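Welcome! Have a look at the structure first, then try each task before reading on.

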Amino acid sequence: MRDEGRYRKNLAQLFALLGAWAFVLGYAVWGILRGMSLWALSVRLPILFGVVYALLFAYFFWIMRQGIPQDKTGESS
């Protein structure tokens, strides 16, 4: 049971990390194309990464805690 909880937490962290990197990379490209200064990007990107990572981790961890739905026979569907 403890290993399963650790697995779910690590998987949620992985998805959150990948999602946050993709979002921040997209924001950086969008900002550069809009002509945003590098100073503004260097200030905003770490803050944005932290916020997006925390939100995605909470969301994915909540999904992982829900588990796999099971039918009445006890087998996974």
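**Exercise 1.** In which helix is W62 found? Then decide whether W62 is buried or exposed.

Solution. This is a predicted model. Start with the location: W62 belongs to helix α2. Next, take its relative accessible area, which is 51%. The cut-off for exposed is over 50%, so W62 is exposed.

**Exercise 2.** Describe how the axes of helix α1 and helix α2 cross.

Solution. Two packed helices are described by the angle between their axes and the distance between the axes. Begin by finding the helices: α1 covers residues 2-34 and α2 covers residues 38-66. Their axes come within 7 Å and cross at roughly 145 degrees. The crossing of α1 and α2 is right-handed. As for the residues in this contact of α1 with α2, 23 are nonpolar, 3 are polar and 4 are charged.

**Exercise 3.** Which residues make up the largest nonpolar core?

Solution. The core has 7 residues, namely V24, Y27, A28, M36, A40, L41 and L45. Now ask where they come from: α1 and α2 each supply at least two residues of this core. Take V24 as a case to follow. Setting aside neighbours within four places in sequence, V24 is in contact with L45, L48 and F49.

**Exercise 4.** How many aromatic pairs does a search of the whole structure find? Work out whether the pair of Y27 and W30 is stacked or tilted.

Solution. The search finds 8 aromatic pairs. For Y27 and W30, the ring centres are 5.6 Å apart and the planes stand at 45 degrees, so this pair is tilted. Y27 and W30 are 3 residues apart in helix α1, so about one helical turn separates them. W30 has 42% relative accessibility and therefore counts as partly exposed.

**Exercise 5.** Now treat F57 and F61 likewise: what are the centre to centre value and the angle between the planes?

Solution. The rings of F57 and F61 are 5.6 Å apart, centre to centre, with 15 degrees between the planes. Planes under 30 degrees apart count as stacked, and F57 and F61 form a stacked pair. Because they are 4 residues apart in helix α2, F57 and F61 are separated by about one helical turn. With 26% relative accessibility, F61 counts as partly exposed. To finish, widen the view: ring pairs link W21, F49, Y53, F57 and F61 into a cluster.

How values were computed: Residues are numbered from 1 along each chain as its sequence is written. This is a predicted model: local features need pLDDT of at least 70, side-chain atom pairs count only at pLDDT 80 or more; totals for chains, interfaces and linings use all residues. Side-chain values use heavy atoms; hydrogens and water are left out. Axes are lines fitted to C-alpha atoms, for helices over the stretch in contact, and angles run from 0 to 180 degrees between N-to-C directions. A crossing is left-handed if the near helix is turned anticlockwise from the far one by less than a right angle, and right-handed if clockwise. Ala, Val, Leu, Ile, Met, Phe, Trp, Tyr, Cys and Pro count as nonpolar, Asp, Glu, Lys and Arg as charged, and the others, Gly among them, as polar. Rings of Phe, Tyr and Trp (its six-membered ring) pair if their centres lie within 6.5 Å; planes under 30 degrees apart count as stacked, over 60 as edge-to-face and the rest as tilted. Buried means under 20% relative accessible area, exposed over 50%, partly exposed in between (1.4 Å probe, protein chains only). A nonpolar core is a set of buried Ala, Val, Leu, Ile, Met, Phe, Trp, Tyr and Cys residues joined through side-chain atoms within 4.5 Å. Contact means heavy atoms within 4.5 Å.
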